[in-house]
Each structure stands twice: as structure tokens, then as C-alpha cells.
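Welcome, and please open your viewer. We will go from stop to stop, selecting a few residues each time.

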Amino acid sequence: MLSDECQTMWTLGVQRIPAQEEVLNRLAASAAPNKKMILSLLDQTQPMPTHPFMIYVWEALNAGLTELSLSNPEQALKKIEQTLQASWGAFKS
């Protein structure tokens, strides 16, 4: 999956950002202006933490996004906060 060839196919076939820096550089060099702008934003990013407690964050985001489709942003944020509080309570005990 990490070979140059696979990364290039992944990039062109499914429009995903490649893991290999060389493939990413080639993509950026030949990309349209909009894609170049998106790729330039990668310089400002950090990898998502992989700590085991991140499952609580993902569950809260899922609950919030589900609520968002049913109501409004304020209710979705409340749902995220409630879910995190419930998870945090279970995590602390």
C-alpha cells in the first residue's frame, strides 16, 4: 500500500492525499490551482492523536453530527458536550 505506484494510484483513482512525501510533491507540482491551495494547507496540520481515549471524542462527534441532522448546531454542540461528560464520568470511575 505504501509503494510509490500504489500511492499514486490511490491519489489519482480515489482522490486521497498520499502518505509518501515524494508522491505528494509530484501531485502538488502538477495539480490545478484549487488542489494546490488545498495541499498547501497540509503545512498547517497535525496528525490526529491516536491515544485510546480518542474513542470518546469520536463517539461524541458522531452523536453531535447525528443530532445536527435532526435539529440545529446549538443542540448538536450540547449533544457533544453531554456525550463527552458521560464518557468522562465513566472513564474517571
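Start by selecting tryptophan 58, which sits in helix 4 (residues 54-70); helices here are DSSP runs of H or I, at least four residues, numbered from the N terminus. Tryptophan 58 is partly exposed, at 42% relative accessible area, where buried means under 20%, exposed over 50%, and partly exposed in between (1.4 Å probe, protein chains only). This is a predicted model, in which local features need pLDDT of at least 70 and side-chain atom pairs pLDDT 80 or more, while totals for chains, interfaces and linings use all residues. Residues are numbered from 1 along each chain, and side-chain values use heavy atoms, without hydrogens or water.

Next, select helix 5 (residues 73-92), with 20 residues. Which of its residues are buried? They are Ala76, Ile80, Thr83 and Ser87. Looking down the axis of helix 5, you will find these within an arc of 70° (taken from the directions from the axis to the C-beta atoms), so they line one face. The buried residues pack against helix 4, with contact meaning heavy atoms within 4.5 Å. Now turn to the face pointing away from the buried side: the exposed residues there are Glu74, Gln82, Gln85, Ala86 and Lys92.

For the last stop, select aspartate 4 and arginine 26, whose side chains meet in a salt bridge at 3.0 Å, N to O (a side-chain nitrogen of Lys or Arg within 4 Å of a carboxyl oxygen of Asp or Glu). Aspartate 4 is partly exposed at 34%, and arginine 26 is partly exposed at 42%.

Definitions and conventions. Helix = DSSP H or I, 4+ residues; strand = E, 2+ residues; numbered from the N terminus. Expected span 1.5 Å × (residues − 1).
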